[in-house]
Each structure stands twice: as structure tokens, then as C-alpha cells.
Amino acid sequence: MDRNLNYFYDEFNLVNSLLKKKNGNCYCGLCVSVFFDRYVQGFFSENEINELRKQNNMRKKQLSFRDLDLINKGKVLERIINEVKQIDPFDEVNPWMLSGIAKYLETFFNKRYLEKEFKDTYLNSILLSIKKKKLRRKQEIRQKEARQREVHKLQKVEREIQKNLKKQNKIDNDIKRTKFLFMFNKLNSIEKLKVVLNGADLPLQAVPEIDLPKPSLLLRYLLKKEFNPTQLAILRDRFGENFKNNKINSWKRLIKVMK
Ligand SMILES: [Zn+2]
């Protein structure tokens, strides 16, 4: 059998020429298997390929790595390993693809054997730096997670503060309400309604029904004397004349005497 013309010169490195950086940066499983097929097509001469196709009853034109018998596969792999060993940083091959090929070789050879073969080669330094990179990436992820935990802790403290603030506000409001009701209850009915008209510091809902003026004919008379129709309308509005669901009975009765 005659070697492919490429191998006329023994120093020709097919791995090197197929892995030139300009051929792209991808090193996925598909690209790796394409590499092996292209390698096979460059490795055998045309006559050899025709011979192999005849032997295997192959219809398709391209001979792929998978189609080879064990002996020829062995020849190809042996040559690939030898060529990979020759590659150095000045060859400017795609390092990821080189690592992809090394990974693929592990499906045919024992890992320990490959480690011995590739000892002190460029490939070995690539594999080491990839390992380091992966380790660094793992560390970065761990650091990020630690930072995340720190942030969560701070958020929890913040929530705790907000909760306490709310509690404090509630206490403050209770005091305010007590003070207001103390003053409010010293007033007579008309004075109370003047406070409501001018806008109390508290929402009307905060005033217990028992502390509101009692609706009566007398109150109605006094209201008419004290307030003009506009003011009465405002008061009725304050007591929810226009609320759709005014369920407070005392308010409803008050609205009636304000008309
Ligand atoms: Zn790819």
C-alpha cells in the first residue's frame, strides 16, 4: 500500500494542519468526530480508501472513522497520538480541540497509558490549565454563593428592622389614638362634628361608635342651626353617604339627621 502523498514527507503533521486556529474554536462532540473523519480521509491514500470501501461493501463516498476495522482504527489512533505529541505552542492549534481529541482518545485507551504518552507535551500543559480553570471556576461559584448567603442574611436583618418599626408605629398610633379620643370625648356633639368637618388627625373609623354624637331630633335641630347645607353635605360624605357598602348603622343614622 502506498502512503498518501501528504506522508511523503515524514514530518507532515495532519493533526496540526486540521487543528489550525483559523478552523474555528468549537470542540463539541460533533466537531471532534468530524475531526476524526477528516483525519481518516487525509490519512489513507485514495487507493487505500477505495480498497477499504470495497472490503466493507460501502456505498457512500466518504470513509468515516467509524467505518474502519480495528486494525486500521489502531493505525490511525497510533499516528494521532504520535502527532499530538509533536505539537507545541508555536503550532497555534486550537487548544480546546486538542483537549477534545485527548478526551476522545480515552474511549480507546487506558487513561494511565495516555498520561504516560502525553507526559511533558504541550497537550499535557493544556489539560493542566483546563483543570486549573475548572477549579478556579468552581471556587468562584463557591465564593459567589457565600456572598449570596451574606446578602440574604442582611436582607433578613433588614426585614426584622422593618417589622420592629411597624410594631413601633402601631404603638405610636395607639398612643395618638388614645390622646385624640381623650380630647374628643371632652367635646359636646356639635364640637365633635366640627372636628370631623375640619378633618380629624385620625380616620373616623378609629373613633368607637359609642364616642360619636347620638342621633336625635335635638341634634338635628342643632346641626341645622350650626352648619350650612354645604357643610352638612361634607359631613354626610365623611360618614360615608357615598360609600357603596356603608355597613355602620350609627353612621347611617347620623347621615339621616344631617339631611
Ligand atoms: Zn462543534
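Let's start with helix 2 and helix 5. Helix 2 covers residues 29-43, and helix 5 covers residues 95-105. They pack with their axes 10 Å apart, at an angle of about 80°. Angles of 65 to 115 degrees count as roughly perpendicular, so helix 2 and helix 5 are roughly perpendicular to each other. Keep in mind that this is a predicted model.

Which residues of helix 2 and helix 5 meet? From helix 2, we have C31, V32 and F35. From helix 5, we have M97, G100, I101 and Y104. Sort that contact by class and you get 6 nonpolar residues, 1 polar and no charged ones. Gly counts as polar.

Now helix 5 again, with another partner. Helix 7 runs over residues 122-184. The axes of helix 5 and helix 7 come within 10 Å. How do they cross? At roughly 95°. That angle makes helix 5 roughly perpendicular to helix 7.

Look at the residues there. Helix 5 brings P95, L98, S99 and A102 to the contact. Helix 7 brings L123, I126, L127 and I130. By class, this contact of helix 5 with helix 7 has 7 nonpolar residues, 1 polar and no charged.

Last, the domains. The domain assignment gives two entries: domain 1 is 5-119, and domain 2 is 187-257. How many Å separate their centres? Taken over C-alpha atoms, the centres of domain 1 and domain 2 are separated by 95 Å.

Definitions and conventions: Residues are numbered from 1 along each chain as its sequence is written. This is a predicted model: local features need pLDDT of at least 70, side-chain atom pairs count only at pLDDT 80 or more; totals for chains, interfaces and linings use all residues. Axes are lines fitted to C-alpha atoms, for helices over the stretch in contact, and angles run from 0 to 180 degrees between N-to-C directions. Helices (H or I, at least four residues) and strands (E, at least two) are DSSP runs, numbered from the N terminus. Angles under 35 degrees count as roughly parallel, over 145 as roughly antiparallel, 65 to 115 as roughly perpendicular and the rest as oblique. Two residues are in contact if their C-beta atoms, placed from the backbone, lie within 7 Å. Domain bounds come from an automatic or database domain assignment.
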